[in-house]
Amino acid sequence: MRFLHSSDWHLGQKFLSNDRQAEHRLALDWILETIESQKIDALILAGDIFDIGSPPNYAREMYYEFLAKLKSTCCRHAIIIGGNHDSPAMLQASREILQFLNIYVVGAIDTGLENCVIELKTPAGELEAVVGAIPFLRDRDLREATSGESSLDRIEQIKLGIRKVYQDIALLLK
């Protein structure tokens, strides 16, 4: 199985007062061409698909247009993982529909860690790969704030929270 990993598209981003729409379109076309030329089976898009939580409509259109074009390639699976610039709710809004197309979306862990474990199967239903898709971990995902905690206590709790998430995902992958 051949994977292509991509990230940090930042669709909708402006550079000074200039949008990067033409540049992004060229990059997305290049990714589609690479998928075909390299015979990629699965695309992992790991974070910062959009530049802001509420991207402009043209950026959303580019995203969905890319996913529609992706389905006409040899790529059988796509995994989209939320980053710190992405809105988990916006990404996950189309999750159930996209899953029918073997496009899996993990915008945040608040829907349950089991949703971060993606099983990729052949058209015959045989397991090909298992992916632990861990999105950007926000403070609220990792700990509960306590009154009077110091900055060092907060940092330590975040570290422990990150470690626990990865340990729990590792257990689910076994």
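Ala, Val, Leu, Ile, Met, Phe, Trp, Tyr, Cys and Pro count as nonpolar, Asp, Glu, Lys and Arg as charged, and the others, Gly among them, as polar. Keep that in mind for the first exercise.

This is a predicted model, where local features need pLDDT of at least 70, side-chain atom pairs count only at pLDDT 80 or more, and totals for chains, interfaces and linings use all residues. Residues are numbered from 1 along each chain as its sequence is written, and side-chain values use heavy atoms, with hydrogens and water left out.

**Exercise 1. Describe the lining of the largest cavity.**

Step 1: Start with the term. On a 1 Å grid over the protein atoms alone, a cavity is a set of points where a 1.4 Å probe fits but cannot get out, and lining residues have an atom within 4 Å of a point. Points are joined across faces, edges and corners, and the volume is the space filled by probe spheres set on them.

Step 2: There is one cavity of 30 Å³ or more; the largest cavity holds about 60 Å³.

Step 3: List its lining: Arg25, Leu28, Asp29, Leu32, Met62, Glu65, Phe66 and Lys69. By class, that gives four nonpolar, no polar and four charged residues.

Step 4: α1 (21-37) and α2 (57-70) each supply at least two of the lining residues; helices (H or I, at least four residues) and strands (E, at least two) are DSSP runs, numbered from the N terminus.

**Exercise 2. Trace the pairing of β7 and β8.**

Step 1: Strands pair if DSSP finds at least two bridges between them. Here β7 (residues 117-121) and β8 (residues 127-132) run antiparallel, joined by five bridges.

Step 2: Inspect the turn. Five residues lie between the strands of this hairpin, and Gly125 takes a positive phi near 90°.

Note on methods. On a 1 Å grid over the protein atoms alone, a cavity is a set of points where a 1.4 Å probe fits but cannot get out, and a pocket is an open set with protein on both sides within 12 Å along at least five of seven lines; lining residues have an atom within 4 Å of a point.
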